[in-house]
Amino acid sequence: MVKKCIICNKKLNKILKYDKFNLDIGHCDKCNLYQILGEDKFIKNKYESYYNNEFWHSSRSKGNFLFELKRKSINFLVHFARKLNISPLMTISQHNLFKKFLKGKKILEVGAGHGHTLRFFKTKKMIIRAIEPDYKKTKEINKYFHKNICSSLDVELDEVEGKYDLIYLSHVFEHFVNPLKLLEKIKKNFTKEGIIFIEVPNCENKEMLESSLKGQLHTFHFSLESLNKLFEKANYKILLSGVYDDTYKSILGRIFKNIFMSNNYSIHSKKNGKKLILIGKPI
Ligand SMILES: [Zn+2]
């Protein structure tokens with residue numbers, strides 16, 4: 001089993017046991033990166049069995065009563081907001097960060113889920129395209145837009161067509177088997193001024209590392225340092241990178257921000273912020 005850091009190739013010296021999936025997690029002190037140890041093929045197989053068997057049943061771990069109540073209330077409100085076609089506050093906030101770097105209208109979302117983000121980008125008059133590995137969700141998205149804008153592909157294995165002004169990945173990048181190879185591969189898919197937007201959990205925050213290890217299957221648990229180093233290694237220029245979190249955390253505060261379609265992200269410290277954001281472009 002390979003036990004080397006994907007960024008610096010250093011032999012990984014600290015092994016944690018992955019409670020939920022029983023996988024070995026290594027830590028590179030030099031890059032401050034946690035990653036699953038093993039060959040790409042081994043990790044790919046784990047993902048396949050996870051999505052085929054466990055994902056829909058176990059991706060949301062159960063907590064105590066109050067936690068569950070809060071989670072259910074938030075889920076209910078989110079579901080209600082989506083029905084009313086209210087844009088996700090997360091996407092509004094992300095858009096606020098990348099809009100000043102964006103030089104065109106063509107966007108590719110990798111990992112589009114139910115397509116709520118695409119609906120927001122459409123309201124901003126962007127030309128939307130998407131990749132979503134789940135075939136059912138792909139059909140759902142194409143039906144909603146009355147157009148084949150979404151392809152059911154595995155972005156790591158399949159060929160990606162077209163050139164884009166923005167390739168957007170929100171909470172997707174940490175699931176890739178080999179993000180370094182992916183960053184190399186998609187370089188041909190950027191327009192001359194094209195940029196990439198990434199948001200991943202900030203695993204320098206202990207609470208986020210814990211949920212990244214015990215929630216869904218993640219190959220990588222990034223820190224700001226490791227995310228920057230990975231993009232530098234792949235020969236990308238970093239236009240913006242930082243630790244962010246919601247300014248308003250209460251439900252009422254978030255509703256207020258959502259009504260006015262205003263940014264809810266602000267810069268936080270490495271230990272406290274929950275989100276890592278990177279905007280870059282190939283060199
Ligand atoms: Zn390293």
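Trainee: Which residue is the bridge partner of D246 in β11?

Mentor: Y265 is the one facing D246 there. Before we go on, this is a predicted model, where local features need pLDDT of at least 70, side-chain atom pairs count only at pLDDT 80 or more, and totals for chains, interfaces and linings use all residues. Residue numbers start from 1 along each chain as its sequence is written.

Trainee: What makes β10 and β11 a pair?

Mentor: Two strands pair if DSSP finds at least two bridges between them. Strand β10 (residues 236-246) and β11 have 3 bridges and run antiparallel, so the pair passes that cut-off. The names come from DSSP runs numbered from the N terminus: helices are H or I runs of at least four residues, strands are E runs of at least two.

Trainee: What packs on the sheet around there?

Mentor: Helix α3 (residues 89-98) does, touching β7 (164-170), β8 (190-201), β10, β11 and β12 (275-282). Touching is a contact, with C-beta atoms, placed from the backbone, lying within 7 Å. The direction of α3 makes about 135° with that of β8; axes are lines fitted to C-alpha atoms, for helices over the stretch in contact, and angles between N-to-C directions run from 0 to 180 degrees.

Trainee: Which residues of α3 are buried?

Mentor: L89, T91, S93, Q94 and H95. Buried means 20 or more other C-beta atoms within 10 Å of a residue's own, exposed means 12 or fewer, and partly exposed is in between, again with C-beta atoms placed from the backbone. The cover over the buried residues of α3 includes α4, β7, β8, α9 (251-259) and β11.

Trainee: What is the strand order of the open sheet?

Mentor: Its 8 strands go β6-β5-β4-β7-β8-β12-β10-β11, with mixed pairing. β6 and β11 (265-267) are at the edges, since each has a single partner strand, so one side of each lacks a neighbour in the sheet.

Trainee: How do you know which way β5 and β6 pair?

Mentor: They share 2 bridges in the parallel sense, with β6 covering residues 150-151. I131 has S151 as its bridge partner in β6. Strand β4 (residues 106-110) is also parallel to β5, with 5 bridges, and I107 stands opposite I128 in β5.

Trainee: What makes β4, α4 and β5 a unit, and which hand does it have?

Mentor: Together with helix α4 (residues 116-123), the strands β4 and β5 form a right-handed β-α-β unit. The crossover is called right-handed because, with the strands pointing away from the viewer, the path from the first strand over the helix to the second runs clockwise.

Trainee: Is β5 mostly covered or mostly open?

Mentor: Mostly covered: 4 of the 5 residues in β5 (residues 127-131) are buried.

Trainee: Why is L224 called partly exposed?

Mentor: L224 has 19 C-beta neighbours inside 10 Å, so it counts as partly exposed. L224 lies in helix α8 (residues 224-233). Leaving out residues up to four places away in sequence, L224 touches E204, S241, V243, K270 and L276.

Trainee: And N235, buried or exposed?

Mentor: Exposed, because N235 has 12 C-beta neighbours inside 10 Å. N235 lies in the loop between α8 and β10, and its phi is near 65°, a positive value in a residue other than glycine. Most residues other than glycine have a negative phi.

Trainee: What makes the largest nonpolar core a core?

Mentor: A core is a set of buried Ala, Val, Leu, Ile, Met, Phe, Trp, Tyr and Cys residues joined through C-beta atoms within 7 Å. The largest has 55 residues, and L33, L108, A130, I167, L169 and F197 have the most contacts inside it. Beyond four places in sequence, L33 touches C5, I7, C28, F220, F222, S223 and S226.

Methods
Contact = placed C-beta atoms within 7 Å.
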